[in-house]
Amino acid sequence: MAGPLIRSLWSTTRKSLSSSSSFSSSTAPLRPFLYPRAHAYSLPRCFSAVAGAAAAADTASSLEPNRLRNVAVIAHVDHGKTTLMDRLLRQCGAEIPHERALDSISLERERGITIASKVTSISWKENELNMVDTPGHADFGGEVQVERVVGMVEGAVLVVDAGEGPLAQTKFVLAKALKYGLRPILLLNKVDRPSVTEERCDEVESLVFDLFANLGATGARNIWNGKTFHDSEEQLDFPVLYASAKEGWASSTFTKSPPFDARNMSDLLDAIIRRVPPPTASLDSPFQMLVSMMEKDFYLGRILTGRVSSGVIRVGDRVHGLRSTDSGVEKIEEGKVLKLMKKKGTSIVLIDSAGAGDIISMAGLTSPSIGHTVANVEVMTALPTVELDPPTISMTFSVNDSPLAGRDGTHLTGGKIGDRLLAEAETNLAINVLPGLSDSFEVQGRGELQLGILIENMRREGFELSVSPPKVIKMYKTENGVKLEPLEEVTIEVNEEHVGLVMEALSHRRAEVNDMGPVAGSEGRTRLSMTCPSRGLVGYRSVFSSDTRGTGFMHRAFLKYAKYRGPLGNVRKGVLVSVGHGTITSYALLSLEPRGTLFVTPGMENYSFHAFDCYITMVFHVISIQSYDGMIIGEHSRDTDLDVNPVRTKELTNVRAASKDETLKLTPPRLMTLEEGIGYVASDELIEVTPKVIRLRKKYLDANKRKTMRNKPKD
């Protein structure tokens, strides 16, 4: 009883204070998006055209920390974060070439999720706001620098869907923000929906308050700027705004349709300036900057992006890169600043100088990377770096050695695959690449979605490769003679009619239900809280999406090591394995249909189309009409594998004609996406990835070899 009463009193008190001291500038006129003497280039992620241009920014204004506000926009997936950034850019006069303008990667636009963090700057009432768009998916916590990017800012706009409320991944991104003592602003988005009422918003606000308290909103020390919030109420006393990012307005009071002159983002921008403190930085100290993001440019080389921790940097200054080692601080490279750049709106401008507290990009050094310090040559102190969450799963990337290898791709050798993976690991600290045997590489990452996107990017770049199924890193350990395995906390929200399917599937994966109940504010939805071994969740996401018809939500996070729960149940049927090489025929498939579900189709060229997954839109391909020994052509109706011949043809006589096969009607095949394939293959199988086709195959193509390995005793 005491908890809800305290939350109610807290909410009432905050609202009364907010209404008595409302934003004085809520109806201020819009300021044009102007930067004195700065030339912009419409290059969202390319610095090449900037390299040869001459531009100069207002040096005095760029060196004034009190005019700066560094803010991150954090949210759960699909709560309207990127759309909100579009409206803020448009509010401040930036030209938006298309919707979701900051989604500059093609996969981001296709899948509707933010994969890489974006930093941009906007001007509002004599202040400059450095806005950071962060990802919401836990798989990209290291890839897109959630941990590193939140260290560059002092405040965070937490976007929460007013209808859905805070979800599991909201907890993930918010925990990172609170860890570094950011000043939060709660923005309840999508309040214009018919199902959202003021009572529902009050309920969501209460849930967010509970989430803040559970995460320990104590104002932890920000290791980038050294600022510490000693009063825990500074984070708990967050302002609440109501918005419809799609309609382009935000309000400090609840409304579903504000007046015409108030249908803008002024209230949110004013709240950022009032709530978020300017960076605490010294312009008189020597220059230091921690590299948080890195890109490569064909002309300029490495583009290092980070927040200036102290001092002033100018074009032509001598700087060097530093990194901390076990033996002390090590000097990496010394050089000269060739270019200073800053993202403003959707364009990139060249600047002459930048001061402490600002977020900039620089070119001139070729060796420093993410987590290293760039400083004046007289400084030999490296800035502290953030500790990243370790990778959780690994996959083996190797050369494609199937009989059909080399027909589609242009990058086929182990050397090229290794160079591409090492280049990825250089800019993506959440991925580790370890060399293996025989032109193979073990790639460690945060999750199946993250590694799946890496494979998809390589496929589009013309690579051919074979990929093993994912496996959990450090699966087992022993303490006091007891075998332990990693457990994960799983939160699931599904429609009531899908609860049975989900619970049955997870029971085979050794999951145990801790809590179950209705979802507040959503009729017919059920929330399940359970624990499950990490090994049991590998490959389950695609099964979950299929069982819930794409309407379910699942979030997983490492919990602890616990006692081994025993072997998994039957999580998958056996497969139909080809023992013939040649063109797949409809005559052979007709006799194989009763044996199970087919993945192939005869007599058609491979084609591609789009389908919607729980979070992503995946491009996927029908397996080629060509088959070879060891290729998987379908799923067996039983638990064992079955060798079949899909290339068998009808014998021709003077009575029967081959054209009769055109009248055969086959059941449409099951089309396997790359994401589904990663979760489907077993430990003795591989995924063959080419620019045009995705195939499933056995690790050992020869049937006798497979039989020998199957009978071989396991360690």
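How many bridges join strand 29 (residues 575-578) to strand 36?

Guide: Three bridges join strand 29 to strand 36, and the two strands run parallel; strands, like helices, are DSSP runs numbered from the N terminus, with at least two residues (E) for a strand and at least four (H or I) for a helix. This is a predicted model, in which local features need pLDDT of at least 70 and side-chain atom pairs count only at pLDDT 80 or more, while totals for chains, interfaces and linings use all residues. Residues are numbered from 1 along each chain as its sequence is written, and side-chain values use heavy atoms, with hydrogens and water left out.

Helix 13 (residues 499-507) has V499, V502, A505 and L506 as its buried residues, buried meaning under 20% relative accessible area, against over 50% for exposed and partly exposed in between, with a 1.4 Å probe and protein chains only. Seen down the helix axis, these buried residues fall within an arc of 140 degrees and so line one face of helix 13, the arc being that of the directions from the axis to the C-beta atoms. They pack against strands 25, 26 and 27 and helices 14 and 15, contact meaning heavy atoms within 4.5 Å.

The largest nonpolar core has 35 residues, and among those with the most contacts inside it are I74, L158 and F212; such a core is a set of buried Ala, Val, Leu, Ile, Met, Phe, Trp, Tyr and Cys residues joined through side-chain atoms within 4.5 Å. Its largest share, six residues, comes from helix 8. Apart from neighbours within four places in sequence, L158 is in contact with residues including I74, L174, V208 and F212. A second, separate core of 30 residues includes V433, L454, I678 and Y680.

R302, which lies in strand 10 (residues 301-310), is buried with a relative accessible area of 11%. Its C-alpha atom is separated by 8.3 Å from that of M362, 60 residues apart along the chain, and M362 and E426 are among the residues in contact with R302 beyond four places in sequence.

As to confidence, the mean pLDDT of the protein chain is 76, and 76% of its residues reach 70 or more, pLDDT being the predictor's confidence in each residue, from 0 to 100. Confidence is lowest in strand 32 (residues 608-612), at a mean of 34, and highest in strand 22 (residues 465-467), at 93. Over residues 12-61 the pLDDT is below 50, although this stretch has 114 contacts in the model beyond near neighbours in sequence. The pLDDT also stays under 50 over residues 604-624.

Methods:
Two strands pair if DSSP finds at least two bridges between them.
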